[in-house]
Amino acid sequence: PRSVEYDLLAQVTQGLRSAWANRSSDFPGLVRAVTDNTQVWSTLASDVALPDNGLPAALRARLFYLYEFTAKHGRDVLDDKASVEVLADIN
């Protein structure tokens with residue numbers, strides 16, 4: 001499962017960087033990339049919010065916070081107030 005998560009985050013990160021480079025000619029591509037990233041983090045947040053998740057509570061809280069941050073930052077990217085670099089770094 002860890003390698004699947006790693007591969008998924010790597011794909012989403014590459015998608016963000018590629019979409020950012022082409023944002024002026026393909027804004028829908030940027031929307032897709034940001035949406036994909038938000039969906040990945042939403043899924044991770046849902047998992048760490050489950051009562052039977054085996055991760056330590058402090059780590060679960062930090063991961064949930066990262067979801068909240070990435071969702072907000074993604075909206076800022078689409079509003080042309082931020083770049084995708086922070087999202088890529090977090091991934």
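Author: A residue is called buried when its relative accessible area is under 20%, exposed when that area is over 50%, and partly exposed in between. The model under discussion is a predicted one. Glu-68 has a relative accessible area of 43%, so Glu-68 is partly exposed. This residue belongs to helix α3, which comprises residues 57-78. In sequence, Glu-68 is 19 residues away from Ala-49, and the C-alpha atoms of the two are 13 Å apart in space.

A second residue of helix α3 is His-73. The relative accessible area of His-73 is 12%, and His-73 is therefore buried, the cut-off being under 20%. Between His-73 and Val-34 there are 39 residues of separation in sequence, yet their C-alpha atoms are 9.4 Å apart in space.

The arrangement of the helices may be taken next. The axes of α2 and α3 come within 9 Å of each other and cross at roughly 165°. Because an angle over 145 degrees counts as roughly antiparallel, α2 is roughly antiparallel to α3. This crossing of α2 and α3 is left-handed.

Helix α2 also has α1 as a partner: the axes of α1 and α2 come within 8 Å and cross at roughly 155°. By the same cut-off of 145 degrees, α1 and α2 are therefore roughly antiparallel to each other. The crossing of α1 and α2 is likewise left-handed.

Within helix α2 lies Val-40. Its relative accessibility is 11%, so Val-40 counts as buried. Val-40 and Ala-61 are 21 residues apart along the chain, and a distance of 17 Å separates their C-alpha atoms.

About 430 Å³ of space lies in the largest pocket. Two or more residues of its lining come from each of the elements α1 (2-21) and α2 (27-49). In total, 13 residues line this pocket, and those nearest its centre are Glu-5, Leu-9, Leu-44, Asp-47 and Leu-63.

Asp-80 is found in the loop between α3 and α4 (85-90). Its relative accessible area is 64%, so Asp-80 is exposed. Most residues other than glycine have a negative phi. Asp-80, by contrast, has a positive phi, near 65°, although it is not a glycine.

To bring the account together, α2 is roughly antiparallel to α1 and also roughly antiparallel to α3. Of the residues considered above, Val-40 in α2 is buried, and His-73 in α3 is also buried.

Terms used
Residues numbered from 1 in each chain as written. Predicted model: local features only at pLDDT ≥ 70, side-chain atom pairs only at ≥ 80, totals over all residues. Heavy atoms only, no water. Helix = DSSP H or I, 4+ residues; strand = E, 2+ residues; numbered from the N terminus. Buried < 20%, exposed > 50% of the residue type's maximum accessible area, 1.4 Å probe, protein only. 1 Å grid on protein atoms, 1.4 Å probe; cavity = no way out; pocket = protein on both sides within 12 Å on 5 of 7 lines; lining within 4 Å. Points joined across faces, edges and corners; volume = space filled by probe spheres on them. Axes fitted to C-alpha atoms, helices over the stretch in contact; angles between N-to-C directions. Parallel < 35°, antiparallel > 145°, perpendicular 65-115°, else oblique. Left-handed = near helix turned anticlockwise from the far one by under 90°.
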